[in-house]
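Welcome, and please open your viewer. We will take this one selection at a time, with a short note on what is there at each stop.

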Amino acid sequence: MSLLRNAFGRLRRGLPTMDFMKNKHEDCANFDNGACKFFHFTNVDPKGQACPHFKAKKKAEVETADAVHV
Ligand code: SF4
């Protein structure tokens, strides 16, 4: 039984998650002043839905971005 449980656990961990759906482009480390550094898009809506390549900003980047907007 534990073999089956381990197999399901491995399968579940290997599946892609949809966590990026909770985020916006502006929260992504690849987002820079209206442009996406990953896809090389410009005019990206900061409030738009993040894509599966979303990469969370590090804490220092978030604090720096907040300081710039104040
Ligand atoms: S969420 Fe995707 S499209 Fe948006 S900035 Fe990040 S990598 Fe680019």
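## The whole chain

Start with everything shown: of the 70 residues of the protein, 7% count as buried. Keep in mind that this is a predicted model. Colour by pLDDT next; the mean for the protein is 86, and 86% of its residues reach 70 or more.

Now switch to a cartoon view. If you draw contacts between residues with a separation of 6 or more, 45% of them join residues 24 or more positions apart.

## Helix α1

Select residues 2-14, which form helix α1. Is this helix in the open or buried? None of the 13 residues of α1 is buried, so the helix lies largely in the open.

## Two loops, two positive phi values

Move on to Asn33, in the loop between β1 (31-32) and β2. Its phi is near 50°, a positive value in a residue other than glycine. Asn33 has 8 C-beta neighbours inside 10 Å and therefore counts as exposed.

Then pick His40, in the loop between β2 and α2. Here too phi is positive, at about 60°, although His40 is not a glycine. With 8 other C-beta atoms within 10 Å, His40 is exposed.

## Around the ligand

Centre the view on the ligand now. Which residues are around it? Select His25, Cys28, Asn30, Phe31, Cys36, Phe38, Phe39, Val44, Ala50, Cys51, His53 and Phe54 to show them. Colour this shell by class and you will see nine nonpolar residues, three polar ones and no charged ones.

Finish by going back to the pLDDT colours. Which element has the highest mean pLDDT, and which the lowest? Strand β2 (residues 35-36) has the highest among the elements, at 96, while helix α2 (residues 59-69) has the lowest, at 68. Where pLDDT is low, predicted coordinates should not be read in detail.

Key: Residues numbered from 1 in each chain as written. Predicted model: local features only at pLDDT ≥ 70, side-chain atom pairs only at ≥ 80, totals over all residues. Near = placed C-beta within 6 Å. Nonpolar A, V, L, I, M, F, W, Y, C, P; charged D, E, K, R; others polar. Buried ≥ 20, exposed ≤ 12 C-beta atoms within 10 Å, placed from the backbone. Contact = placed C-beta atoms within 7 Å. pLDDT = per-residue confidence, 0-100. Helix = DSSP H or I, 4+ residues; strand = E, 2+ residues; numbered from the N terminus. Expected span 1.5 Å × (residues − 1).
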